[in-house]
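Have the structure open as you read.

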Amino acid sequence: MAPVLVVLFGAIIGILLEAFVPAKQRWSVQCTWSIAVVAVALLAFAPSFGAFDLQSGQRLVRGELIVDGFSMFSQLLMLIVGLLALLPMIDRTGNRVSAFAGQPSDIPGSFQEEQTERRGYQRSEVLPLSLFSLGGMMIFPMANSMLTLFVALEIISLPLYAMSAMARYRRLLSQEAALKYFVLGAFASGFMLMGMSFLYGYSGSLLLDQLALAIPYRVASPALLMTGAALMMVGLLFKIGAAPFHAWTPDVYQGAPTPVTGFMAAGVKAAAFLAMLRFFSTVVVQFEANFKPFLWTVAILTMAVGTFFGLVQDNIKRMLAYSCIAHAGFILIAFTKGALNANGAVLFYLLTYGVATIGAFAIIYLVRVSNEDGVATAEQHSMSAWAGFGKTHPVLAGCMMLFLLSFAGIPLTAGFVGKFLAFSAGVQGGATALVICAVIASAITAFYYFRLGKIMFLDPVAENTTVAPHAEITYVAIGICALLTVLLGILPGSVLDILQNTAIVIP
């Protein structure tokens, strides 16, 4: 529990720093503190991970939380994603401004906002909020109690609702996105709570392992069990952006500050999938045959929406949002085996997807609109305005193309190995037809990835597009993500050996 406690106590201290540190030093202090907290959590994680026998699947903690090989690696995955996502958040590019509004409560275009900008004032509560959300992501896959699961969900979501509304530029769009996210998230939480109440009524317990033990002996109310499980799934499917619960994804990804978008796309999706994997392995696997039509329908619909709606997008953030939806459908294929032997496939896919996603959104954060004086201002989200980007900034464009190739599942990238594992799990589980649909969808999604590559490298150079200067920290994040994308594609063996032995403890 040390890494979780470090992150959550670090977030609490970050709130105190926001209250007591002088305004001029607050941003730099919060940035240093946030990175230090995640680094210390990784150091605190190392001895417990080394002492834990992943192959035995031994349960160390039982009750509200379960600590097994699966939850240990889930924590590590969340910390890696959190550290990489924090780097673009803390960077102050261009004329030394961040991606976040100096005073988020200022009305856009008001005198108060003008005064805030003139004085160079920068609120920094977004950083402790991100630590709170990261702590919830670490708890989410460990939760054995449905009550703890819901509390972890709210710890993840509530900070993100606020963070989504803090964009420095296009703030009205950002605030609209945050409101949509909040309203739809509240509906999803309501479905999840209703499902929990049905499952509690069925089993008389809030613990997932006790629910799993009760299923073979309580045959009188199967409708109560199936309804509760389905409603629980709705809440989790909302968080991963699966269709038809995906409506929030394009708008929120477009409107939120780009570093926050990368954090959501990589972290929230991974945490929700991992929690759903534990729920499947513990509970749903016992009546998987009855649940399979629902799962197949959601997977096919998710792949179709992500594939075909992504084809018509010109906004690059909306394009990656629909790409995110399509990838959710690809990962769901691994659940057709009842998730008993798909742990490694799902974990590796989430790792590779998360790394490439953070890198791609970090590059989007740097590509800016150039004003009449040649100064970088708001981000350039129109794909047509990225024309010739590969000629003016070949390294950044090359990294972006590498991430797009990983999304497309091209060999020698990490994405290829992730898709291969997920599709193999589907074939072994008897979902060959679903895998064929996924392969076709993956080929179609490659079109809009290569379309962006064609725009960057073959089209004439756009006039009003530039790159934000003084972005050294973001370059570090991009470089790490690119390196991991290559290494996990060429040398995945050692990571896969660990993941294949990362078992979920079944009661």
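Let's start with two tyrosines: Tyr161 and Tyr181 are both buried. Keep in mind that this is a predicted model. Their rings sit with centres 5.0 Å apart and planes at 85°, so this is an edge-to-face pair.

**Aromatic pairs**

- The count of aromatic pairs comes to 18.
- Tyr161 belongs to helix 6 (residues 146–163) and Tyr181 to helix 7 (residues 171–203), so their pairing ties together parts that are 20 residues apart in sequence.
- Those two tyrosines also belong to a cluster linked by ring pairs, together with Phe182, Phe238, Trp248, Tyr253 and Phe361.
- Another edge-to-face pair joins Phe280 and Phe335, at 5.3 Å centre to centre and with 90° between the planes.
- Phe280 is in helix 11 (residues 258–282), while Phe335 is in the loop between helix 13 (316–332) and helix 14 (343–366), so this pair bridges parts that are 55 residues apart in sequence.
- Phe280 has 2% relative accessibility and counts as buried; Phe335, at 1%, counts as buried too.

**A charge over a ring**

- Arg368 lies over the face of Tyr365, 4.9 Å from the ring centre.

**Salt bridges**

- The salt bridge count is 7.
- Glu18 pairs up with Arg123, with 3.4 Å between the closest N and O atoms.
- Since Glu18 is in helix 1 (residues 2–20) and Arg123 is in the loop between helix 4 (111–119) and helix 5 (126–139), the pair ties together parts that are 105 residues apart in sequence.
- Glu18 is buried, at 9% relative accessible area, whereas Arg123 is partly exposed at 23% relative accessibility.
- Glu18 and Arg123 are also part of a salt-bridge network with Arg26 and Glu125.
- Lys180 makes a salt bridge with Asp251, the closest N and O atoms being 3.0 Å apart.
- Lys180 is partly exposed at 30% relative accessibility, and Asp251 is partly exposed with a relative accessible area of 23%.
- Lys454 and Asp459 meet in a salt bridge as well, at 3.1 Å from N to O.
- In that pair, Lys454 counts as partly exposed at 42% relative accessibility, but Asp459 counts as buried at 17%, because the cut-off for buried is under 20%.

Terms used. Residues are numbered from 1 along each chain as its sequence is written. This is a predicted model: local features need pLDDT of at least 70, side-chain atom pairs count only at pLDDT 80 or more; totals for chains, interfaces and linings use all residues. Side-chain values use heavy atoms; hydrogens and water are left out. Rings of Phe, Tyr and Trp (its six-membered ring) pair if their centres lie within 6.5 Å; planes under 30 degrees apart count as stacked, over 60 as edge-to-face and the rest as tilted. Helices (H or I, at least four residues) and strands (E, at least two) are DSSP runs, numbered from the N terminus. Buried means under 20% relative accessible area, exposed over 50%, partly exposed in between (1.4 Å probe, protein chains only). A charge sits over a ring if NZ of Lys or CZ of Arg is within 6 Å of the ring centre and within 35 degrees of the ring normal. A salt bridge is a side-chain nitrogen of Lys or Arg within 4 Å of a carboxyl oxygen of Asp or Glu.
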